[in-house]
Amino acid sequence: MPELEVDALLDDPASRVIVCCGSGGVGKTTTAAALALRAAERGRQTVVLTIDPARRLAQALGLRELGNHPKQVQVEGFEPKGELWAMMLDMRRTFDDMVRVHAGPERAEQLLQNPFYQTISTSFSGTQEYMAMEKLGQLAATDEWDLIIVDTPPSRSALDFLDAPTRLSTALDGRMIRLLTGPAKAGGWGLRKVVSAGFSMFAKAVSTIIGGQLLADASAFMQAFDSMFGGFRERARKTAELLRSSGTSFLVVAAPEPDALREASYFVERLAAEAMPLAGLVANRTHPVLAPLSATEALTAAESVRNAPLAEAVLRLHADRVALAERENRLLARFTRAHPEVPLVRVPALAGDVHDLAGLRDIGGTLGTTA
C-alpha cells in the first residue's frame, strides 16, 4: 500500500486547507490538533478549526477555552517556528456575524431580533454545516494563515457541509417557505389569495401547527433575508470551489475496527464522487507488535515458565497483542484491496488520553514518520 507522507503535505506551501473527516470516536479532533501543532513547529502559520462541541482541543492545547474567533496558542515552553492558532465554531455567532456584515445595520437588526431567525440560526437542518463552510471561507479570505486545518463533526455528517448550502438555500427558498411568507410579499393579500385558491385547509393546518405569530415572523424574516440571499449562495459556491481546489486535502481518520473502516470507505467513495482531493487514510490507535515473537511461540514459552508468574503474564499479553495486530492488519488489508490508491499512515494507540502539547507532539511525530 502507498505510504501517506504527512510531513510533505504539511510542508508544501501550496497546501492551504486540510480537512479531517471520519466517524465518531476515532480521534479526529486529536489528529487535527496534532497536525496543526506539527505544521506550526515546522514553520507554517496555522489555524485549526474544530466543530466538535467537546472542549478536548482547548484542553490539549493548554487553553482554558476556545471561542468563535482564532486564539493564538501561547504556552510556556512552546516556541514554534511558525504560529499556532485555534478556534471552535459557534454556529449562532457565525450566523449573526454574517448577517451584520452582509445585511446592513438596519436590516441586520431586524433579522437578529426576529424569532424565526433565532430559531433557524440554532436548529434548522444544515445550519451548523453551512456555518462551518462560512467560517472556513472567512478564514481563507483573510490570508492571515497559510494553512487551515478543519476538524469535522462525527460520522457521515462530516461530509454534510458539502450539501449544506444547497439544502439550506433550497429550504429557505422553497415552496413551503414562499407560501408561508406570501402575506408580506403581497402586501397582506398573499395568504388570502392562497386561501381563495382552494388552500384554506392547508392554511388552517399551518396556522394550527406553527401559530399565526410564527407565520408573521417567517414572513418578516424572508423580507429581510431576501436582500442577502444571493450573497449567501455565492459565498457557499466559493467555499465549495476552495474545497475542490488543488490547495485542499482531505484526510480520512479511522480506527482499525470494522464499523470505522466501513465509514472510511464511505468517505473515500463520497470524496471521489464529489471530486474532492483525498490525501489518504490515518489508521489511528493501531497496536503494532513490539517483539519478533509469534503468538504460538509466546504461548509455548508461557507454559514453560509457570513458576515465574510475571514472565508468564507478559508472554500471554504478547500473544494477545499479536492476535490483535493480526486482526487489525486483516481489516486494513481489506480496506487497501478495496481502495489500493489511498495512501495510509498508522498511528499507534497511546497508553492514556492526550491532554497536553507533549502528547500532541508525540502523535504528530508518528504521523510525520513513515514506516
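The crossing of helices α4 and α7 is left-handed, a term applied where the near helix is turned anticlockwise from the far one by less than a right angle. The model is predicted, with local features requiring pLDDT of at least 70 and side-chain atom pairs pLDDT 80 or more, whereas totals for chains, interfaces and linings use all residues. Residues are numbered from 1 along each chain as its sequence is written, and side-chain values use heavy atoms, with hydrogens and water left out.

The axes of α4 (residues 91-103) and α7 (residues 127-142) come within 9 Å and cross at roughly 60°, and the two helices are therefore oblique to each other. In this contact (heavy atoms within 4.5 Å), M91, T94, F95 and M98 of α4 meet T127, Q128, Y130, M131, E134 and K135 of α7.

Helix α2 (residues 28-41) packs against helix α15 (residues 357-368) at an angle of about 85°, their axes being 8 Å apart, which makes α2 roughly perpendicular to α15 (65 to 115 degrees). On the α2 side the contact residues include T30, T31 and R38, and on the α15 side L357, R361 and G368 are among them.

The space in the largest pocket amounts to about 530 Å³; of its 30 lining residues, G27, T30, R56, R285 and D353 are the closest to its centre. Elements that give two or more residues to this lining are α2, α3 (56-60), β7 (278-286), β8 (344-348) and α15. The second largest pocket has a volume of about 220 Å³, and α7 gives the most to its lining, with seven residues. A pocket here is an open set of points on a 1 Å grid, where a 1.4 Å probe fits, with protein on both sides within 12 Å along at least five of seven lines, and lining residues have an atom within 4 Å of a point.

Notes. Axes fitted to C-alpha atoms, helices over the stretch in contact; angles between N-to-C directions. Helix = DSSP H or I, 4+ residues; strand = E, 2+ residues; numbered from the N terminus. Parallel < 35°, antiparallel > 145°, perpendicular 65-115°, else oblique. Points joined across faces, edges and corners; volume = space filled by probe spheres on them.
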